[in-house]
Amino acid sequence: MKSEINSNQIPKSRPVRNWGIDLLRCFAMMMIVMLHTLSRSGLLTETEVSSFKYEIVWFIEIFCYSAVNCFIIISGYVSLHTKFRLSRIILLWLQVVFYNVLLTVIVQAINGSWDATEILRSFLPVSTDAYWFFTQYFVLCFFMPLINKLVLNQSNKQNGFFLAMMLIFFSVLPMLYALPVDILGEFNEKLFFTERGYSVLWMTVMYALGAVIRRYTDEGGLEKVKTYVFAILVIVNDVIIWIIHFICTGRENPVSPYFVVSYTSPFVVIAAVGLVMLFSRLRFGAKINKIIAFFSSGAFAVYLVHSQKDIYPIFKELVSPMLDYRVLKLLPCLLFTILFVFLAGTLADAIRNRLFQLLHIDKACKKIDGKCNAVYN
């Protein structure tokens, strides 16, 4: 019987970068742009229910719904062996401030209407909740090293139990609660404060999931699982979600279809895990890796640009004509939109990154690393 490997036996060398995971960052961000395009265009809510177009649109929505979970799982996967650096959090915060302030000023300049209060508020993205994802993620960043130590110092059995308890209470039970509506009342999306996944608590669960997967992968626990199994996991769970949504939508029943179309849905979680493991198996040549590195480094900026509060209404207006498109015209337009937004965002961040280098902002932030880091590491 194979013995457990404790934290002292885990290799201390710098882990090799997994370019498949970096590619998933790009793919997941395109999925997020797709989610926003479908919602802002009205395709999800204003398309004729149960029509062919409606079912196609919702299948795309369901396939892309695991993207946010993927991002957090990736954070746990790649950060398990990294040391805490306060400078990384500060640089991330400065990146968010840069885009929030810049876009606020640009839109106000174009409209010819200046609001000093809004400009000042744009300097405070966390306290003003300018981006819900970043607000929750910012808090999670300070708990990451503690979760890493917990995962590294426990046995695999302990990690498995720890993870199972979190998924039962924060994923499985909230979904099951939605089923007997006639007994328990309306679906409570705030059950256990997971807010259907829009919370730092849920991000903590997904981060821990990613960390445990990385620990188990490093020890060869998933080597015997064929790559195609993970692809099947993604497809099967997305189909299950679509079938349940199809059954519950537009019919007389006491169950809301949204109990499975949720970040906390166990089906969505399994699909996200399948994507992470599937992409982690991909290998590329040096030239392809350089291309992936360029685009993955700017993936987060894509979210910051097109989701900014002053840009979102403009984005909504641009994609709203898609509501009237037929399927054959709609699909290529959706593809063009996500590619254009992704390319524009990554190119914008290349310019921002170069500006930060010229101003030596990275070096200035690294000087902050010191006593605070020693507390965590």
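This is a predicted model: local features need pLDDT of at least 70, side-chain atom pairs count only at pLDDT 80 or more; totals for chains, interfaces and linings use all residues.
Reader: Thanks. How many helices and strands are there?
Author: The protein has 19 helices and zero strands.

Reader: What about contacts between residues at least 6 apart in sequence: what share joins residues at least 24 apart?
Author: That share is 82%.

Reader: Let's go inside. Which residues touch the most other members of the largest nonpolar core?
Author: Those are F133 and Y137, in a core of 92 residues. Helix α1 (residues 19-40) gives this core its largest share, 11 residues.

Reader: Nice. Which residues does F133 touch, leaving out those up to four places away in sequence?
Author: With those left out, F133 touches V68, F71, I72, M203, F300 and Y303.

Reader: Switching to α17, how far does this helix reach from its first C-alpha to its last?
Author: Helix α17 covers residues 327-358, 32 residues, and reaches 47 Å. That is close to the 46 Å expected at 1.5 Å a residue.

Reader: Now S79. Where is it placed?
Author: S79 sits in helix α4, which spans residues 67-79.

Reader: Why does S79 count as buried?
Author: S79 counts as buried because its relative accessibility is 15%, and the cut-off for buried is under 20%.

Reader: What lies 2.8 Å from a polar atom of the S79 side chain?
Author: That would be the backbone oxygen of S75. Setting aside residues up to four places away in sequence, S79 also touches N148 and Y207.

Reader: One last topic: how many disulfides does the count come to?
Author: The count comes to zero disulfides.

Reader: Okay, and C26, is that buried or exposed?
Author: C26 is buried, with a relative accessible area of 6%.

Reader: What is the relative accessible area of C365?
Author: For C365 the value is 4%, so C365 is buried too.

Notes. Residues are numbered from 1 along each chain as its sequence is written. Side-chain values use heavy atoms; hydrogens and water are left out. Helices (H or I, at least four residues) and strands (E, at least two) are DSSP runs, numbered from the N terminus. The expected span of a helix is 1.5 Å times one less than its number of residues. Buried means under 20% relative accessible area, exposed over 50%, partly exposed in between (1.4 Å probe, protein chains only). A polar contact is a pair of N or O atoms within 3.5 Å; within protein, one must be able to donate a hydrogen and the other to accept it, and residues adjacent in sequence count only if both atoms are side-chain atoms. Contact means heavy atoms within 4.5 Å. A nonpolar core is a set of buried Ala, Val, Leu, Ile, Met, Phe, Trp, Tyr and Cys residues joined through side-chain atoms within 4.5 Å. A disulfide is a pair of cysteine sulfur atoms within 2.5 Å.
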